[in-house]
Structures are given as C-alpha cells and as structure tokens.
Amino acid sequence: MARRRRYAVPGIEQEMRNFKADVMRREGYAVDPNRPDDVKYEVAKELGVPLKPGDNGDLSTESAGHIGGKIGGSMVREMIRQAQAQLANDDKS
C-alpha cells in the first residue's frame, strides 16, 4: 500500500516533484519529468536492490532505506545549499 505524502505547505506537491526531478537529474539519473518517482527503480538497480513496481513486501527495511537514503540525501544536500545561498544573499542586503 502506497503512503500519501503530506507537506507542511498546501499545494506544493508539483513543485516538490519538480525539485526531486531536478536534483536527481543533476545526480546523473535519467528522470521523466512527468514521473520523477520512477527514478527510485534506477537507484535500486544501481544499488543492487530488487525493487519492482507493486508489492515489495519481501524487501528488507535496510534495502528500502538505501534507496530512500540516496534520493533523500541528495535532496537534503540541495535544500541546505539553497538555504545557505539565500542566507548569504540576505546578509548582503
């Protein structure tokens, strides 16, 4: 069963999909802008994790964590970079 993401900012879903696609594209992954979540299959293949569409009940938590960690880690690094750049620009004002 897929979980539904809830963002703190209402209506931000498409922007977050775009952000994820941009980050993963910069990481060297082929990302379909209409389906950025599909990059998880490419990441899983690279990591040797047998992720498949549909039920992955046999997948260990550790394996799933490796996939999410690689994607999420890249996104967090980019968010920190953007925040630092914004703070640096605010200091110049």
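Before the surface number, a definition: accessible areas here come from the Shrake-Rupley method with a 1.4 Å probe. On that basis the protein has an accessible surface of about 7100 Å², and carbon and sulfur atoms account for 52% of it. Please keep in mind that this is a predicted model.

Now the fold. There are three helices and zero strands, and the order along the sequence is α-α-α. The radius of gyration is 15 Å, well over the 12 Å that the globule rule gives for 93 residues, so the protein is more spread out than a compact globule. Along the principal axes, the C-alpha atoms fill a box of roughly 55 × 30 × 25 Å.

On burial, 22% of the 93 residues are buried. As for contacts between residues at least 6 apart in sequence, 40% join residues at least 24 apart.

Charges next. The protein carries 16 positive and 15 negative charges, and their mean positions lie 2 Å apart.

That leaves helix 1, residues 13-26. Helix 1 has 14 residues and spans 20 Å from its first C-alpha to its last, close to the 20 Å expected at 1.5 Å a residue. Which residues of helix 1 are buried? They are F19, K20, A21, V23 and M24. What covers them includes helix 2 (39-47) and helix 3 (61-92). In general, an α-helix has 3.6 residues a turn, so residues three or four places apart point the same way. After helix 1 comes G28, with a positive phi near 100 degrees.

Key: Residues numbered from 1 in each chain as written. Predicted model: local features only at pLDDT ≥ 70, side-chain atom pairs only at ≥ 80, totals over all residues. Heavy atoms only, no water. Helix = DSSP H or I, 4+ residues; strand = E, 2+ residues; numbered from the N terminus. Rg over C-alpha atoms; globule rule 2.2 N^0.38 Å. Buried < 20%, exposed > 50% of the residue type's maximum accessible area, 1.4 Å probe, protein only. Contact = heavy atoms within 4.5 Å. Lys, Arg positive; Asp, Glu negative; His and termini not counted. Charge placed at Lys NZ, Arg CZ, Asp CG, Glu CD. Expected span 1.5 Å × (residues − 1).
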